[in-house]
Amino acid sequence: MPKSTESSRLLVKAHFLIRFFFFFFFVINYSAVASSDVERETSTESKTLTVVPIGVVLDQNSPLGLTVDLCMKMAVTDFYEAHPNFTTRLQLHTKNADTVLDANFAAVDLLKHEQVNGMIRPQTSTEETFFAELGQKSHVPIISFNARTSSLPSTYSVRTTPDDSVQARALAAICRAFEWPEVAILYEETNSGNQFISHLNKAFQEVEIGLAYMVPIQTSAEDSDISKELRKLSRKQTRVFLVHTNPSLGFRLFTLAKNAGVMSEEYAWIVTNSLSIFLNSIDSTVRDSMEGVVGVRPYVSNSKALESFKERLRRNMTMSNTTTTSPITELNVYGLWAYDAVTALAIALEKIAPLNSTSLGPRLLNELLTTKFRGLTGDFELFNGKMKPLAFEIFNMIGTGEKTVGFWTPERGITRDLSSTGEKTYATSAKELKTITWPGDSVTRPKGWAIPTTGNLRVGVPWKHGFTEFANVIIDKKMRRTNATGFSVDIFLAALEVLPFPTKYQFIHYNDTRNTDWSYDDMLRGIPEDYDMVVGDVTVWAPRAAHVDFSLPYSESGVILVVKNKKPFDMWIFVKPLRWDLWLAIVVACVLMGVVLRILENRVTSNDGDSIIENKERRRAIYWSPVTILAFPERNMVSNNWSFFVLVLWLFMAFILMQSYTANLSAILTVDQLKFAFSDSYYVGCQEGSFMKDFLINQLHISPSRLRSYNSSEEYHTAMSKGSKNGGIDAIFDEIPYMKLFLNKYDPQYKMAGPTYRTGGFGFAFPVGSPLVAHFSKAILDVTQGPNMTAIEQKNFGPGYSSQDPLSSRISQQTSSLTLYEFAGLFFIIGSVTLFSLFCSETAIGRKLTNKTTNFIHILFHFKSSRVMSMEVDGDTNEPVANDDDDDVSDVSVRDGTDTTTRVIEAGPENGEIIDNGTDNNQ
């Protein structure tokens, strides 16, 4: 018992000593800490702190406003706890503003009563103008952590976010990587939405991607209105949709899109950061409707500082009881940008210390623009008053989360991993991205377009009264089906066989037999509401390209003029090459040349024994020498050298005249056939319903009153046969394929005239921006350059037809051979002269008339009194005829009736005596 009591006492004493020791240690430690706090407080109070008021305008009744407000307060606390020795203190003065008007009044109140030196505001497009002017006039920097674009340049506006133009470039690069030809955009109809569309348009133009449709949606749009627009899009060919709206409108849109059936396979949906920033707060219903969506958002790398901040933010939100049931109360990049904006302001304030009240705003702005540091979102650096472009994360929504599939940077383009090393080249291929799950749980990349949901490609075909070789519509009323044949239809069917994908089609005819007032332009206006494409003899024409796109042409192009094949020939055509005055000049020249040669040849003596022809024959040929020298160039017609010289000049002139005559006659018989000139009384024919009437009026400036429309080759021929004076026409303007068929049928009667006017040829028409254009254009090239093209042409146009035949062959076929009628006048003259020569030579009357005419001419032109003696033979009724040959011999023939006596009088060589050798020729 005593031992037990003693042990208990010892144990009590031990417990007392232990308690005393712990108490003593606690007192000493507390005293040291208290002493340290006192010293620190005393040191801090010994420094002069400058407090700078910064205004904040927020909607504190919204979840985003509450989250951002808490982030900015934490930024102030964190910064000065990390920098306790700084002499400046940034103090936030927060004003609540639910509406735009409240925000404007709050900003003015902060400047007037709180005298803030800077202002932070989550700016909206409606407040942009007011805050820009306010900062400019008050010289106070206005910092926005959510404005991504601005149309108003302001010196005092600072954006701590990347510009929307950078995001637009990232979106364009993604669409280019997936090889989508066009994109449809659904956007919120606000000022910022319209500005973003302008950035998108520019970026997509640079990568040659079309914006097929731009659907503006009102912020307050009803679900029925949105569903109506989605149903319209489902009937379009485009299958890629880009969404840029606020979170509330965007999440509603995707729920309605799933109900409309446009979130299925072959569709692609892309969201901008206006939605992707808030995806961590959506509910399961919205997330399920967005399965397979691809989006972009500013990339924020994980760091210890960021993880620490998130943990502290969650604790503070719990302690402050700021958690709400709103789906966007979770931290997003806007809160991080606001945190970094406050940090940048605090750093800039410390750099301009010591502070003074004068010009603090401009100094703060200048220092803020040059501030660089490592923030929660990465490297903070401003460029031209906005955040320097950062990387964008490309993600894919799968199940209950998102999967990062790649990144985009302005320097490297699309890349799978930002940490990859190697040569920094700009990549544009989708192969750089990880596997994406598209809507409908498909891993196959959507091609970006598809046949509309009606199931069949609606192909419009014109019903025509004529030229059915190109398009012929057959309406099966029992089956309620439209069939079509013809050259254009065969080209379409052949193109379908070479397309890289199967396509179902349905012919829909335009026009019927009861409607004669129709046109191809009216038919093309039915695209895309009534037709997905138009097949037929539709001309590729520039004015039509404003509302449709054309494939490559599959026919010859050009407009030509066809006229009647009237030959300007008559029986005197050989006279037409030379005018009457030139003919007269030639005749007079021949006569004068004969006289000159006769005079020159009289100087030649008769003693020349080497003379080729007798003197008597020479005298007879001298008069015809200008003509006979052309027919008998090998004969020596003259003996005098001067005569030879004159004949040489005459031959030179005659050669020029003959060549000119031949050339002019050739032109009359050939080239002049191609000339055609309109007169005021001419009427011109063109095809009904085609673009030719507008073409002739606007480009060739032909009066509309002179144009008459027809439907077929037969109508053309009938009108041309009548002529303008009888209610027809005298010329046809139409395209080459039509006129080739017309000339093949009526070739001898018509001809092409004038130049060929350029057009685009026949092609298929599609909606503007349709991806089918490129596929059909390639298919048309394969068909027209393939081996089956000739068979298609001859099937529809007849054997022997080929579009490869040159136009010149058509012109040559129109030139007919010359007939007897064209040279009847020449044959008449020659025949008349021949008969007249026979009459004068073979009949007594003709010989008598010839003798008397010859005697008269000799007496009139060749009588020489100095060389010939006048002689009277057989009475007074006889008339002497003197034929002199040079100076040696004179023949005198005296004829009376049928008796003829010829005497030769010779002059003696010495004394000039005359020897009379008379011969009686009266046998």
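Colleague: Which residues of α14 meet which residues of α24?

Modeller: From α14, the residues F487, D490, I491 and A494 meet M789, I792, E793, K795, N796 and F797 of α24. Contact here means heavy atoms within 4.5 Å. By class, this contact has six nonpolar, one polar and three charged residues. Ala, Val, Leu, Ile, Met, Phe, Trp, Tyr, Cys and Pro count as nonpolar, Asp, Glu, Lys and Arg as charged, and the others, Gly among them, as polar.

Colleague: What kind of model is this, and how are residues numbered?

Modeller: This is a predicted model, in which local features need pLDDT of at least 70 and side-chain atom pairs count only at pLDDT 80 or more, while totals for chains, interfaces and linings use all residues. Residues are numbered from 1 along each chain as its sequence is written, and side-chain values use heavy atoms, with hydrogens and water left out.

Colleague: Back to the pair: at what angle do α14 and α24 pack?

Modeller: Helix α14 (residues 487-498) and helix α24 (residues 789-797) pack at about 150°, and their axes are 9 Å apart. Axes are lines fitted to C-alpha atoms, for helices over the stretch in contact, and angles run from 0 to 180 degrees between N-to-C directions. The two helices are therefore roughly antiparallel to each other, a term for angles over 145 degrees. The crossing of α14 past α24 is right-handed, that is, the near helix is turned clockwise from the far one by less than a right angle.

Colleague: And A495, is that residue buried or exposed?

Modeller: A495, which lies in helix α14, counts as buried because its relative accessibility is 0%. Buried means under 20% relative accessible area, exposed over 50%, and partly exposed in between (1.4 Å probe, protein chains only). Not counting residues up to four places away in sequence, A495 touches F776, A779 and V783. A495 and L781 are 286 residues apart in sequence, yet their C-alpha atoms are 8.9 Å apart in space.

Colleague: Stepping back, how many helices and strands are there in the protein?

Modeller: The protein has 27 helices and 32 strands. Helices (H or I, at least four residues) and strands (E, at least two) are DSSP runs, numbered from the N terminus. Of the 923 residues, 45% are buried. Among contacts with a separation of 6 or more, 69% are between residues 24 or more positions apart.

Colleague: Why is α22 called largely enclosed?

Modeller: Nine of the 11 residues of helix α22 (residues 736-746) are buried, so the helix is largely enclosed by the rest of the structure. Its buried residues are I736, P737, Y738, M739, K740, L741, F742, L743 and Y746.

Colleague: How far apart are the axes of α21 and α22?

Modeller: The axes of helix α21 (residues 713-722) and α22 are 10 Å apart, and the angle is about 65°. S713, E714, Y716 and H717 of α21 make the contact with M739, F742, K745 and Y746 of α22. Those residues divide into four nonpolar, two polar and two charged. The crossing of α21 and α22 is right-handed.

Colleague: What does K564 touch?

Modeller: Residues up to four places away in sequence aside, K564 touches M720, S721, G723, I729, D730, Q749, Y750 and K751. K564 lies in strand β23 (residues 559-564), and at 19% relative accessibility it counts as buried. The C-alpha atoms of K564 and G723 are 9.5 Å apart, although 159 residues separate the two in sequence.

Colleague: Where does H701 lie?

Modeller: H701 lies in the loop between α20 (692-698) and β25 (707-710), and at 64% relative accessibility it counts as exposed. Q115 is in the loop between α3 (100-114) and β3 (119-120), and it counts as exposed at 57% relative accessibility.

Technical notes:
Angles under 35 degrees count as roughly parallel, over 145 as roughly antiparallel, 65 to 115 as roughly perpendicular and the rest as oblique.
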